[in-house]
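User: I'm new to reading structures. Could you walk me through this one?

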Amino acid sequence: MRAEEIFLLLLCLNLVCFAVIAVGPPTCPADLGSECSDSDSGEWEGEFFPGIPKIKYEGPSSKNPLAFKWYNANEEILGKKMKDWMRFSVAFWHTFRGTGGDPFGAPTKNWPWEDGTNSLAMAKRRMRANFEFIDKLGVDKWCFHDRDIAPDGETLEESNSNLDEVVALAKELQGTKIHPLWGTAQLFLHPRYMHGAATSSEVAVYAYAAAQVKKAMEVTHYLGGENYVFWGGREGYQTLLNTDMERELDHLARFLEAAVAYKKKIGFNGTLLIEPKPQEPTKHQYDWDAATAASFLRKYGLTGEFKLNVECNHATLAGHSCHHELETARINGLLGNIDANTGDPQIGWDTDQFLTDIGEATMVMLSVVRNGGLAPGGFNFDAKLRRESTDVEDLFISHIGGMDTMARGLRNVAKLMEDGSLAELVHKRYKSFDTELGALIEAGKADFETLEKAAMEWGEPKVASAKQELAEMIFQSAL
Ligand code: XUL
Ligand code: CO
């Protein structure tokens, strides 16, 4: 090797070294389940969100990004305070475990309180940040998975004891005013759940999942949670060629029956909710949409025990609108909770964005109002910041935007109801059934002979306009 070559080689090695130092020590992403060693996190001094005030209502003319323009918690609309229509909650996993990492890129968030570990000490510090966030945002509910709030252990016993430790702190920090809107078990991240949890082909996995749900239900109950969610991320299949679908669905039903029995045993009065999603991560998820979940519940005699948690982005993945899913749940007496988010019309997957479309929010609130509200359910922001939004204040701005959008939806529904012309249009559309024959049909007493007689007598029916554009015009005028 010549001298110049040796020099070049040394220079290259130097550059590699510099590059490694420049990017800093390897950090451990705060992503759920990240495998990082424990570190001595130490106590956090002072506020987690210094400089962020308690968020107040300043009205539509405000230009302050850290103020509500439409959500005025104590204002009465349609006979109820806004906060009682909404029952907003913060999703712990997106807000406090979301890293901005995606399949192509590393985490982008560097929240000052994170130390790069998934340690118990870090879990507790994060929990403190959660409650300061909730307090400053002015809500009183939160949602969690067992494994977002406490690290997995080497054994189930160790995981349970980690959970107990973090839950004890959460209970203390909640005080008397805050509690979970819902809790759930994370039955999709760990490799043991690769074939599913309640629908796994392995009986040991079924048992493990049951033990995890048992514990997650206990802590949800202990924290005063009002609902418990089952989202079957891996309860589905990749191909039917290796799947006994009938057996898997039977197993799922047995699992849910056991959950109902255990809920009663521990005196947990919260509503059990199934959250439909058509696919992702599986090719086909068994709780495809509201109608599929409703028919599953009926088949197994579970309708009285469960309601649905409708997620807007899941609705669009299933090829529906969120409004369709909400109305399907509502007319089946199953509307229990809403995971308020939205997808992107140009992207085909679950992007979990905060809902900012006012028309969409108005349709969502139409269903909520028709349902008489959601209590004991509410709205969970199953939504995350975009990867490129990296300021701490973005966590607040996104929630404020989401809350204001839903509040605007509610205000618009009030306008539509006061105006009354949309309801009138729908009423008029079906008025031919407000007749003697219509009443017979609706009472289930019109046989084919009677109907044939009427058809002969009336001749060719006169069919009225559906007035779709007029309906859209009335709707738009309320936005
Ligand atoms: C996934 C999803 C979950 C559930 C809770 O798409 O929505 O976060 O809400 O497991
Ligand atoms: Co969800």
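**Where the ligand sits**

Analyst: Ligand 1 sits in the largest pocket. This is a predicted model: local features need pLDDT of at least 70, side-chain atom pairs count only at pLDDT 80 or more, and totals for chains, interfaces and linings use all residues. Residues are numbered from 1 along each chain as its sequence is written, chains are lettered from A and ligands numbered from 1 in the order in which they are written, and side-chain values use heavy atoms, with hydrogens and water left out.

User: Which residues surround ligand 1?

Analyst: A residue is near a molecule if one of its heavy atoms lies within 4 Å of it. Here the shell around ligand 1 includes Trp93, His145, Trp182, Trp231, Lys277, Glu311, His314 and Asp339.

User: Which side chains have an N or O atom at 2.7 Å or 2.8 Å from an oxygen atom of ligand 1?

Analyst: A polar contact is a pair of N or O atoms within 3.5 Å. For ligand 1, an oxygen atom is 2.7 Å from such an atom in the side chain of Glu275, and one is 2.8 Å from the side chain of Asp382. Accessible areas come from the Shrake-Rupley method with a 1.4 Å probe. Taken alone, ligand 1 exposes 290 Å², and the protein buries 93% of that.

User: How is the protein chain divided?

Analyst: Domain bounds come from an automatic or database domain assignment. The chain here has domain 1 (66-419) and domain 2 (421-478), with C-alpha centres 39 Å apart.

Key. A polar contact is a pair of N or O atoms within 3.5 Å; within protein, one must be able to donate a hydrogen and the other to accept it, and residues adjacent in sequence count only if both atoms are side-chain atoms. On a 1 Å grid over the protein atoms alone, a cavity is a set of points where a 1.4 Å probe fits but cannot get out, and a pocket is an open set with protein on both sides within 12 Å along at least five of seven lines; lining residues have an atom within 4 Å of a point. A molecule sits in a cavity or pocket if more than half of its atoms lie within 2 Å of its grid points.
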